[in-house]
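These are my notebook entries on what I looked up in this structure. I kept them in the order in which I went through the items.

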Amino acid sequence: MWRATILTLFPEMFPGPLGLSLAGDALSRGVWNLETRQIREQGIGRHRAVDDTPAGGGPGMVMRADVLCAALDAAIAADDTRPRLLMSPRGAPLTQARVRALAEGPGALILCARFEGVDERVVALRGLEEISIGDYVLSGGEIAAMALIDACVRLLPGVMGEEASGEEESFENGLLEYPHYTRPRLFEGLEIPPVLLSGDHGAVARWRHEKSLELTRARRPELLAKGGGKR
Ligand code: SAH
């Protein structure tokens with residue numbers, strides 16, 4: 001079973017949206033498992049402090065290395081081979097390729113930070129892989145972790161109805177996906193492109209590939225430069 005362990009100051013945020021729809025059904029069927037751990041359990045003193053002022057001064061608070069290492073050590077069994085991730089705007093941008101690799105593995109252990117982030121030593125000492133979900137700043141890692149888990153879980157065997165539907169999507173072939181249509185055929189003066197109703201599967205496939213290329217060229221040319229669009 002694919003297992004996610006989340007270290008957070010807000011375990012009550014989970015499963016949240018991961019408890020609904022595709023991911024939620026899979027969770028209740030036991031296709032994957034979600035464990036949340038309260039970082040504050042390893043907090044310091046009577047107030048269970050988890051953060052302190054930044055060395056060198058400046059605004060905000062930094063999550064303490066001793067607290068976070070203790071929380072990680074308590075969460076990781078000796079035989080746990082799962083990748084250890086830190087959600088971080090400075091991390092490697094998350095890609096569908098990384099999502100697929102994570103989904104094919106045993107799961108993930110994910111540290112969600114708050115405040116200004118974590119004491120840098122945690123990353124080195126516990127071998128954390130920093131992952132970003134985009135070039136903007138959230139107030140905490142939880143929503144980022146949910147995005148990552150959602151993307152992984154939908155790829156697990158038996159989660160998506162149609163086996164193929166994971167493979168034709170945006171990014172899987174380095175291209176954005178072609179446009180979709182459904183009934184009614186004519187809506188507010190706009191028709192479904194006739195080729196899609198022609199029953200000619202070859203023509204449909206060619207049209208879709210052409211549209212994929214067109215959209216990618218217009219919106220995300222850098223994907224083509226990376227070698228997208230090879231069939
Ligand atoms: N001071 C930090 C931002 C801290 S935001 C900086 O400038 O880089 C607080 C926490 O939210 C981060 O430590 C991280 O865990 C999470 N977070 C914020 N934006 C994120 C993003 N784009 N991707 C992944 N995690 C993010």
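Entry 1, a helix pair. I began with helix 3 and helix 5, which are roughly perpendicular to each other (a term for angles of 65 to 115 degrees, where under 35 is roughly parallel, over 145 roughly antiparallel and the rest oblique). The model is a predicted one, in which local features need pLDDT of at least 70 and side-chain atom pairs count only at pLDDT 80 or more, while totals for chains, interfaces and linings use all residues. I also noted that residues are numbered from 1 along each chain as its sequence is written, and that side-chain values use heavy atoms, with hydrogens and water left out.

Two packed helices are described by the angle between their axes and the distance between the axes. For helix 3 (residues 96-104) and helix 5 (residues 142-153) I looked up an angle of about 70° and axes 8 Å apart. The axes are lines fitted to C-alpha atoms, for helices over the stretch in contact, and the angles run from 0 to 180 degrees between N-to-C directions. Helices here are DSSP runs of H or I with at least four residues, strands are runs of E with at least two, and both are numbered from the N terminus.

Which residues make the contact? On the helix 3 side they are Val99, Leu102 and Ala103, and on the helix 5 side Leu148, Ala151 and Cys152, with contact meaning heavy atoms within 4.5 Å. By class I find six nonpolar residues in the contact of helix 3 with helix 5, and no polar and no charged ones (Ala, Val, Leu, Ile, Met, Phe, Trp, Tyr, Cys and Pro count as nonpolar, Asp, Glu, Lys and Arg as charged, and the others, Gly among them, as polar).

I recorded seven helices and nine strands, and a box of roughly 70 × 40 × 35 Å, taken along the principal axes, that the C-alpha atoms fill. Of the 231 residues, 39% are buried, where buried means under 20% relative accessible area, exposed over 50% and partly exposed in between, with a 1.4 Å probe and protein chains only. Taking contacts between residues at least 6 apart in sequence, I see that 74% join residues at least 24 apart.

Which residues of helix 2 (residues 65-75) are buried? I listed Ala65, Val67, Leu68, Cys69, Ala71, Leu72 and Ala75. Their cover includes strand 1 (2-8), strand 2 (32-38), strand 4 (62-63), strand 6 (107-111) and helix 4 (120-125).

Most residues other than glycine have a negative phi, and most peptide bonds are trans. Against this I noted a cis peptide bond from phenylalanine 14 to proline 15, with omega near -5°; proline 15 sits in the loop between strand 1 and helix 1 (21-28). Another cis bond runs from arginine 183 to proline 184, with omega near 5°, and proline 184 belongs to the loop between helix 5 and strand 8.

I then looked up positive phi values: arginine 48, not a glycine, has a phi of about 50°, lies in the loop between strand 2 and strand 3 (51-52) and is partly exposed at a relative accessible area of 40%. Glutamate 188, also not a glycine, has a phi of about 45°, and I place glutamate 188 in the loop between strand 8 and strand 9 (190-191), exposed with a relative accessible area of 72%.

Arginine 40 is in the loop between strand 2 and strand 3 and, at 32% relative accessibility, counts as partly exposed. Leaving out residues up to four places away in sequence, arginine 40 touches Leu9, His47, Arg48, Ala49 and Val50, and its C-alpha is 9.9 Å from that of aspartate 51, eleven residues apart in sequence.

Histidine 180 lies in the loop between helix 5 and strand 8 (186-187) and is exposed at 53% relative accessibility. I noted a C-alpha to C-alpha distance of 9.1 Å between histidine 180 and isoleucine 192, which are twelve residues apart in sequence. Glycine 30, in the loop between helix 1 and strand 2, is partly exposed at 35%, and its C-alpha is 7.4 Å from that of methionine 1, 29 residues apart in sequence.
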